[in-house]
Amino acid sequence: MSCPFHHPSSPPAKPQGEHPPKADADADADADAGEGEPIPHPPEKWLVGNIQELDPSFAVSSFWRLAEIYGPIFSLNLVSRKVVIVSNFELINEVCDDSRFEKFVSGPQESVRVFVKNGLFTSYGDEEEWGIAHRTLLPVFGPIHVRQMFSQMMDILSQMVFRWDRFGPDNRINCTDEFTRLAFDVIGLCAFNFRFNAFYGDDIPLFAKQMAETLVEAGKRSSRLSIENQLRFQSKNHMMDNIHAMWKVCDDIVAERKANPRPDVNDILNVMLHAKDPVTGKGFTDENIRYQMATFLVAGHDTSAGTLNFLWYNLLHHPKALQKCYAEVDAVLGDRPLELDDVPKLEYIEASIRETLRYLGPIPALTRHAKGGKTVLLGGKYKVGPSDAIIVNLKGLHHDPAVWGDDVDEFKPERFLDGGFERLPPNAWRPFGTGVRSCIGRYLAEQEITMAVALILQRFVIEAADPDYQLKVKPTLTIKPDGFFIKARRRPGKDHLFTFTSGPAPPTPQPATDKPDTNNSSGKPMAIYYGGNTGTCKSFGEDLETAAPNYGLAVPLQVQSLDDAVENLPRDRPVVIIASSFEGLPADNARNFVAWLEARAAAPGNSTLLNGVEYTVFGAGNRDWAATFHRVPRLIDGLLEQLGATRLFPAGFVDVGRDIVGPFEEWKAGLFARLREVGGVTAAVKTDEMRVDISHPDTPSKLAGEPVSEGLVLVNKVLAEQGAGPEKRQINVLLPPGVEYRSGDYLAVQPFNPRESVARVLNRFGLHPDDLATVTGTTKEHLKSPANSPVSVYELISTRVELATPASQRQVATLASLSQGADVERLGALASDDALYSKEVLGKRFSTIDLLEDFPSCALSFASYLDMLSPLAPRQYSISSSPLAQQAVPAASTTFSSTTTSPQDKASLTATLTYDVYSGPSLSHPSVHFRGVASSYLASLLPGSRLRCFVRGTNAAAKFRLPADPTAPVIMVAAGTGIAPMRAFIQDRAAIAAARPGGARAVLGPAFLYYGCRDHASDFLYADELAAWQAQGVVKVRVAFSRNPPPLSLGSDGDDEGQQYAHGHVDELLWRDRDVLRPLFRDHADARILVCGSAARLGRTTAETCLKIYQEAHPDQTRAQAEVWLQRQKEDRYVSDVFG
């Protein structure tokens, strides 16, 4: 629990130093303050100053964005006041000096005074009530008294645990609601001996709802012009109604205690009713007790709940840390109840809480100002007036590489262990504020959160309800994750822990079966788990599930994610695992499973842990990522064996860049034969097929459906005509309000199949676009419709299945078996001759529809054709724009305002994609025009069109980002549309250079862009932008033209500052400049190489050139040693985003 926007000073549990920086020298400097240097600031606009720079619903996010651009200090003119935002340790350490600065109640804090008045965290510094409350209540919130609250906390925590257990493992737990209930009830019982009974109803307590509405409105009012606040009288009236209702609850609690005194109760309410201030001799008035109660409920519930939200988000997205927390709980508690003396032993959990508060905690900022009406010089040069609010940007403080290192953007609890916390400089970690106004309830919050985590981990396996959830921050007076849900499954062998009192344990909830219309519950059972982000692995699993009954087998619990198997691998049935690698790491829904296996394998004595588990593994991967090809499935296969499980059938693997189906079908055939053998299944294999019934509507279908709100096309333009290479385009997409991204992220687009391809399928099977199809007899999610309702065949073919994937050998064999005459022999040859199949089908990309057109005698049904097709997967494109180089568009000014359910008080960012349009003669039929599925779909979109898309962050561990320190060198290597993320990175640097004093050469480290093109006249993308950035000193551009370089007059004149062109390839330029690049990379630990382009060409040649450069400088190193060095660099300093 921390007080929102509080500016505290009580020391931490393990105090950091509290030595203010050179106070006397600074005081002298203040006394002699001259004009000082101007503080950087955005350009002001007439009448409104910088107000439009702020997101009205989330002002702090605007501070974060502007700090990236303007640096560690900048100011904003908000018309009625000036604010100065400081964002690095050096300046914040100075602002934390209590001899020169103090808390400033302004902005959101001042707005919330309408509710809590002169309570502890909103009192003005000269209000007598603050001193009385602070001196009287500080001992009550000390560690000794907080320890006495252990039993009350256990009381409330037990209610939460029972609630989660009884709702079962498939219940989606709304973290915001659940942890609000918890924190609200804890503060109610511990502070006032009052029960809100938050866990006994479907909704959170009315008081909590009213408080949330009040805080949101108060936050908004602080960002509006005063005239707008006056006009919004309805929202003000609603807020005041809520406030009076909450005051009544507080007054009723006080009245009841006065009418029925409880001298035996050791709570905070008794202290406020009876204690006297040791300095003034005064006590609390009834009115001030009301405001203090409201303060405790605001600060006590919102911040603790927010911390727990962020903590679980971080742990579930960093499964190795989660497994360490599990291991600690198991070691400290085992199977016995939690006791008070256990709490300080949970050191890794404590470190995880501290790291959560550093990484991103519920309190985003503190507000201070100069004491005594003085004008001061910050940093010895920036003049700040006494009425200027100084906003301490805690994210900037807690992500300052000068304190935390270059891994500031990694969640790493270990940084707080082994004396790491104690070694921090003074004021480097300030989530609870600073000075005498620090959060009074810190110890209560830390004990409550630690206990909650320990009890949850001891009893439940926790998993994300939505594994691909990307953090969205919801602001009130504090911040917390928005829309974050988890699931809690009882850990095996922990039944007795669900009896906090005597009595039988509740029955263990069973997973829902929700069986499809196939008779999939009969037959020998098997379990199928998958881990994948794109749908391919899940599709393989569903294919096995659909086919299982035909072989006398069953999948009673349906296909589940691998994270569902944590501590839950069945021993009574074979286990089939289908997994993929993403940049060498597990998929989102397999992270915790892999971390669980790794943690158990690393611990001693676990060689028999999985005895009795029989398993097999199938891996999906792309050979273009050679270094991590099938890493995760191979890792899973090995770890299961290491932990005592028995490999039932050899692992299988597929290269999705070639034949995506054939190897799986071969493996599936062998797997089912083996499963029938070990299961003793003797029944004949059935040949039931999926059915598709076609019906015809009475009238043509009208265009209808839910409005698409995922993205709005603003611009779609040609950058380079088709000629030297494919057509290259740029599309600008306005994202939904509140959706954010960073340079280096992707925009994933859900495409439609080209109309020509869909028409070919319709024609082959004699279908009309508005015919309706009802799909039954399958468990493939991408084919099913709600309640088996019909869907138009056009929608089915155009939006759900891949049409262009090459047919597998087994599929070719199926086509041969359904053909007649000479077609049988020709198809049979393709199916049986591996070399012929590879040359004619894979080499020429023959899809199933291609073969059906070439072999018209084949009597394949439409249902069987659909069953052969993979789900239409989203395509992801690197975003080629920077959020720092644009100002977000207010939602009210976009067409989102009337068509989406996104929060309308948030603003919208634009994401730019730079992409090739694949179009040309088909390899299989040169007379047929081939169009790339996603690229042709994007190229067809007109401004005003909507498309389904979502932001997918680059894998955090892959570090495809600029270095955190803008002065660190960066070497960017790209070819063709691989320029996309580099353009975003350079825009980042340009925005920073434009905003900070001195320009690029003063604030940026050296940056090189090595860019490969074909023809200077036709496909040199963003040439003018690059030239401008070069002139500004943002980047040095080196361009290699493989076919047609510019005339010599356009090239470099030898000046190192000018653009340099060459006829050749990028790797040749890298080798030419090796004497410049080698020391940049070698002598700067934070330097980074970023590569984007073709894996087979640019990725391979860039890596090879780096090896050559290294070996030239280290002639004593063998090739193998050089490769080890390069692989080590690829862990964090040489980062590729390459594609096939």
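Predicted model: local features only at pLDDT ≥ 70, side-chain atom pairs only at ≥ 80, totals over all residues.

1. Arginine 1078 and aspartate 1075 form a salt bridge, with 3.3 Å between the closest N and O atoms. Both belong to helix H35 (residues 1074-1083), where a spacing of three residues separates them by about one helical turn.

2. Other charged side chains are joined through shared partners. One salt-bridge network of this kind takes in Glu355, Arg358, Asp407, Lys412 and Arg415. The count of salt bridges comes to 63.

3. What does the salt bridge between glutamate 128 and lysine 282 tie together? The N to O distance in this pair is 3.0 Å. Glutamate 128 is in helix H5 (residues 128-137), while lysine 282 sits in the loop between helix H12 (268-274) and helix H13 (286-317), so the bridge connects parts that lie 154 residues apart in sequence. Glutamate 128 is partly exposed, its relative accessible area being 39%. Lysine 282 is also partly exposed, at 40%.

4. A further salt bridge joins the side chains of glutamate 853 and arginine 760, at 2.7 Å from N to O. Here the partners come from two helices, glutamate 853 from H28 (residues 848-854) and arginine 760 from H23 (residues 755-765), so the pair ties together parts 93 residues apart in sequence. Glutamate 853 is partly exposed, with a relative accessible area of 35%. Arginine 760 has 18% relative accessibility and counts as buried, because the cut-off for buried is under 20%.

5. The largest nonpolar core contains 158 residues, and Leu137, Trp312 and Ile636 have the most contacts inside it. Helix H13 supplies the largest share of this core, with 14 residues. Leaving aside residues up to four places away in sequence, tryptophan 312 touches Phe179, Leu322, Val453, Ile456, Leu457, Ile462 and Phe484. There is also a second, separate core of 36 residues, whose members include Val761, Val775, Ala816 and Leu869.

6. After H14 comes glycine 334, with a positive phi near 60°.

7. One position carries a database annotation. An unreviewed UniProt entry lists Cys439 under "binding site". In the model, cysteine 439 is placed in the loop between helix H17 (401-404) and helix H18 (442-459). Is cysteine 439 buried or exposed? With 3% relative accessibility, cysteine 439 counts as buried.

8. The structure has 38 aromatic pairs. One of them, phenylalanine 664 with tryptophan 667, is tilted, with the ring centres 6.3 Å apart and 35° between the planes. Both residues lie in helix H22 (residues 662-679), where they are three residues apart, about one turn of the helix. Phenylalanine 664 is buried at 2% relative accessibility, and tryptophan 667 is buried at 6%.

9. The pair of tyrosine 877 and tyrosine 915 is edge-to-face, at 6.2 Å centre to centre and 70° between the planes. This pair links distant parts of the chain, with tyrosine 877 in strand S27 (residues 875-878) and tyrosine 915 in strand S30 (residues 910-917), 38 residues apart. Tyrosine 877 counts as buried, with 15% relative accessibility. Tyrosine 915 is likewise buried, at 1%.

10. Which residues do ring pairs link into a cluster? The cluster consists of Trp404, Phe416, Phe421, Trp429 and Phe432.

Technical notes
Residues numbered from 1 in each chain as written. Heavy atoms only, no water. Salt bridge = Lys/Arg side-chain N within 4 Å of Asp/Glu carboxyl O. Helix = DSSP H or I, 4+ residues; strand = E, 2+ residues; numbered from the N terminus. Buried < 20%, exposed > 50% of the residue type's maximum accessible area, 1.4 Å probe, protein only. Core = buried A, V, L, I, M, F, W, Y, C linked by side-chain atoms within 4.5 Å. Contact = heavy atoms within 4.5 Å. UniProt positions renumbered as here; feature names shortened; annotations may be inferred. Phe/Tyr/Trp six-rings, centres within 6.5 Å; stacked < 30°, edge-to-face > 60°.
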